[in-house]
Amino acid sequence: MDPAAAEMWMKEAISEARQAEAENEVPVGAVVLLNGKIVGRGHNSPIQLHDPTAHAEIFALRQAAHNTANYRIPGSILIVTIEPCLMCVGAMLHARVEEVVYGAADPKAGAIRSCYQLADQNQLNHRMRVTSGVLEEECGAILKEFFASKR
């Protein structure tokens, strides 16, 4: 994905993160694109829903699968404000996401590059392209400000 388009779509994911923040959830947002259009959106809601799987990426993938009437979403691009965790990367691999674009790295739980390198595993039957660091400072600041307000 070209840098200008990545930034434009990341702003949509940031909008979702702000919605999570307004709901007192960890501010993470995601969108799924297919053929240049958003087919899925999501933001974190595990606290409100009492659901450890209620991550932004999962919601965005569920909505995209529903909207495309297919549990596989080949050719899709998932854009998320923070590096995805193990669970979310697993879901992306199962959905056959073509590319993941993320903002801030997650040194504690990131499963693309920081803690694990799942997108680079040869033994997996699907590979994703990765673009990282898109609006990284803004995405990271949203999280830092949220956690600072909790201390």
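Which residues in α3 are buried? In this predicted model, they are A56, E57, I58, A60, L61, A64 and A65.

**Helix α3**
- α3 covers residues 56-68, so to speak a run of 13 residues.
- From its first C-alpha to its last, α3 reaches 18 Å, close to the 18 Å expected at 1.5 Å a residue.
- An α-helix has 3.6 residues a turn, so residues three or four places apart point the same way.
- That's handy to keep in mind when looking at the buried set, which includes I58, L61 and A65.
- The cover over the buried residues of α3 includes β1 and β2, along with β3 (77-82) and α4 (86-95).
- Just after α3 comes A69, with a positive phi of about 55°.

**The β1–β2 hairpin**
- β1 (residues 29-34) and β2 (residues 37-43) run antiparallel, and six bridges join them.
- G29 sits opposite H43 in β2.
- Two residues lie between the strands of this hairpin, and N35 takes a positive phi near 55° there.

**S76, in the loop**
- You'll find S76 in the loop between α3 and β3.

Conventions:
Residues are numbered from 1 along each chain as its sequence is written. This is a predicted model: local features need pLDDT of at least 70, side-chain atom pairs count only at pLDDT 80 or more; totals for chains, interfaces and linings use all residues. Side-chain values use heavy atoms; hydrogens and water are left out. Two strands pair if DSSP finds at least two bridges between them. Helices (H or I, at least four residues) and strands (E, at least two) are DSSP runs, numbered from the N terminus. The expected span of a helix is 1.5 Å times one less than its number of residues. Buried means under 20% relative accessible area, exposed over 50%, partly exposed in between (1.4 Å probe, protein chains only). Contact means heavy atoms within 4.5 Å.
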